[in-house]
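Please keep the sequence and the model in view while going through them.

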Amino acid sequence: MAAASGSDLSSEMEVDAFRRLFPLHFHERHLLKSIRPDGRTLGKARDTIISLGAVTSANGSALTKIGCTTMLAAIKLEVMTPTVESPDEGCIAIDFHMPPICSPIVRPGRPADAAPVVAKQLSDTILRQLRYLWKNSGMIDLKELSLVSGKAAWMAYLDIYCLDADGSLFDAALLSAVAAFSHLQIPVVSLNDEGRIVLVSEDNGGGKLEKEPVNKEKRKLNLATIPFSLTCVLHKNYILADPTAEEESIMETLVTVVLDSSSQLVSLYKPGGPVLAHTSAIQDCVALTRQRLKELQKILNEAISDMEVD
Amino acid sequence: MEIDRGDGRKPNQLRPVACSRGILNRAHGSASWSQGETKVLAAVYGPKAGTKKNENPEKACFEVIWKPKTGQIGKPEKECEMILKRTLQSICLLNVHPNTTTSIIIQVVNDDGGLLPCAINVACAALVDAGIPLKHLAVAICCSLAKNGRVLLDPNKSEEQNMKGFVYLAFPNSIQSVLPEGSLQVGGEPVEHGIITSVTHGAMSVDDYLLCLQRGRAACEKLSVFIRSSLK
Amino acid sequence: MEYVNPEGLRLDGRRPLEMRQLRAEIGVVARADGSAVFEMGNTKVIAAIYGPREVQNKSQQINDQAVVRCEYSMANFSTGDRMRKPKHDRRSTEISLVIRQTMEACILTHLMPRSQIDIFVQVLQADGGTRSACINAATLALADAGIPMRDLVTSCAAGYLNTTPLLDLNYVEDSAGGPDVTVGILPKLDKVTLLQMDAKLPLDTFETVMQLAIEGCKAVANYIREILLENTKQLEFRRGV
């Protein structure tokens, strides 16, 4: 297999066969030339698209694509009674779904192994992040979801659906979650005569005086430090950023680094794997994540400003 | 040094560690591990013939079943299962028994912080007891970062909750090799400094993480001596 | 409640015989063998086909034809209030069965013995007529996967409210309690493969309503054919033929 990058159809068949039969050799040959089968350099992530407001039936939603990996996240708000321990805080519930459409490996009826793990990681990253903010910098966060202290608060249900699973699921899921939160529009509500919360519809808002909106100014959540993540694959001495599903299955050592926009390390996640991560590798992964963070921040800001123009 | 921990330990002091092997006579291998009030049992059955679907039949396959102290298995337990499975897969010689499945059952007896590291340690001990071929052992520890930036090793549950963040780390144990010194180094670092598993909770700066790494390594060296002596 | 106002317009401004805006896209899930998104107004579904592949449950294997399986599920955020139902409720089991039987009728299963075809449909937004939208999406996805079929299957619903037959009901009209006739046809063979209604309706009215739904199906079929033709042209172009 000398011609690893043939152009005519006959040798292309052979490349395909080589790829299926000796996947590790196939990838190592590419790595020798510092390039990957899809034409990326080692440290480069795939093209990323964020589009906000993809689901009209939700209060906030976002569709993100990293290469082929597609995530659809949507937030629905419901009014709930806050707990006694924290009367002026709302609540956020996060769930991650992998319906069988996303990958040939997922079987119907049996949930995917990866789904609960990603869901747990997501709630750890997002909720701890919020809790941490609130404790340390005095920034309101779960408190922003409060409506009437001790009586009513928002319960935010974040559901993320993976529509196409092609590697780096956590990165795409976290990005879609963050984007959905930044798109979240909190509806205006008011108290009615029986002291219950009712929605104020947009058109007759100014009509009745006694139904003063409870949350006139709190229409958006404040997200001060936003977490972004990058998954890398370690193989021998190579570090491959943003692996595809094929790369993940062949080279098994994954490292996920989550940094927030103030450059704090939120999570460094390496669940086993045959390659040991030494300090230098860790530092390289962190450096790659720093770069990626800037890219993602730019993409997210562009998506938000695009939406505001509309 | 000033003592600022609830139970009067020094920052680098671990809780009393105990390990015993071969406690269950029906299992192929078993072990118990306790660290302070945290106690975990592990049983190993296998290798049994055949692998599950979606697993590579050319290699040995592992199956981890996590039994919590009470109640049903939830998302956190699923995550622990996955981490433990991947960690054990990385320390075993998978080519010796291809197309087999080894089951590891972890029973939590009491959780007082640092559960995952204890589970990794006990699973290793049980694998050794069952005679499963291993490359090396995995030695795991929990390092936590106090609000004042101090690193405290092996926190218990009440400490874990008051920390800025904590890290579960697993390293390979130090290999007593016949090869000349320095031949097992990767980029100027000995093999036992490579991280097998790292799971963090809470935010910290990168430097703090590296500090945790350093302390964790030092502690794991001592722990690995203890494991070696208790497995003999 | 008035579903058709005196000017003859419906709640969303459509005429009684008007269908909602259709939109379709093929090849949206890269890892699937065939996939499609189908939108009817605010109803949006995504379908993916995996197969023909090895039968996963050997006891289900049939020696002279392929096994067709279908799973229908709704996203939690697809409806007005967040769904809190368990994943496999009776409604989705029923719709899975309906879609499976409808599609099985048109797939040439005898050409692919001892194999299995999985049809997965996921509702992303629900605004009435999810059943029809799912069948249309599944047809497109099956065509995209290159699975041999007798004909396309297209589906559309019609109802009867305020003594007016209405084509392609939305959620508000659907939940009004009137009859809702869902029809699936094989447009070229001119055969009906699916007919569902659960309400009372005089026979002659039923026939008009059903005729209306069939007209709707034909319109959908034309649109689907256009999309497939477009897709084929693009493939041709990419191959450089």
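1. In chain C, the hairpin formed by strand 6 and strand 7 has two residues between its strands, and Asn162(C) takes a positive phi near 50° there. The model is predicted, and this angle should be read accordingly. Strand 6 (residues 154–161) and strand 7 (residues 164–167) of chain C run antiparallel and are joined by four bridges. Tyr160(C) has Pro165(C), in strand 7 of chain C, as its bridge partner.

2. The UniProt annotation "domain: Exoribonuclease phosphorolytic", from an unreviewed entry, covers residues 18–148 and 151–216 of chain C. Within residues 151–216 of chain C, 27% is helix and 38% is strand, and the end C-alpha atoms of the span lie 17 Å apart. UniProt also places a feature with the name "domain: Exoribonuclease phosphorolytic", again from an unreviewed entry, at residues 13–133 of chain B. That span of chain B is 27% helix and 35% strand, with its end C-alpha atoms 32 Å apart.

3. Which residues have the most contacts inside the largest nonpolar core? They are Ala123(B), Ala47(C) and Ala137(C), in a core of 221 residues. Helix 2 (residues 115–130) of chain B provides the largest share of this core, namely twelve residues. As a general principle, nonpolar side chains in soluble globular proteins tend to be buried together.

4. Strand 11 (residues 197–201) of chain B is mostly covered, since four of its five residues are buried.

5. Two pairs of chains are in contact, and chains A and B share the most contacts. The contact between them takes 28 residues from chain A and 33 residues from chain B. On the side of chain A that touches chain B, helix 3 (114–137), strand 12 (265–269) and helix 6 (279–309) of chain A each supply at least two residues. Helix 3 of chain A gives the most, with eight residues. By class, this side of chain A divides into 14 nonpolar, eight polar and six charged residues.

6. Is Lys75(B) buried or partly exposed? Lys75(B) counts as partly exposed because it has 18 C-beta neighbours inside 10 Å, whereas a buried residue requires 20 or more. Not counting residues up to four places away in sequence, Lys75(B) touches Pro116(A), Ala119(A) and Lys120(A). Lys75(B) and Pro57(B) are 18 residues apart in sequence, and their C-alpha atoms are 28 Å apart in space.

Key: Residues numbered from 1 in each chain as written. Chains lettered and ligands numbered in written order. Predicted model: local features only at pLDDT ≥ 70, side-chain atom pairs only at ≥ 80, totals over all residues. Core = buried A, V, L, I, M, F, W, Y, C linked by C-beta atoms within 7 Å. Buried ≥ 20, exposed ≤ 12 C-beta atoms within 10 Å, placed from the backbone. Contact = placed C-beta atoms within 7 Å. Pairing = 2+ DSSP bridges. UniProt positions renumbered as here; feature names shortened; annotations may be inferred. Nonpolar A, V, L, I, M, F, W, Y, C, P; charged D, E, K, R; others polar.
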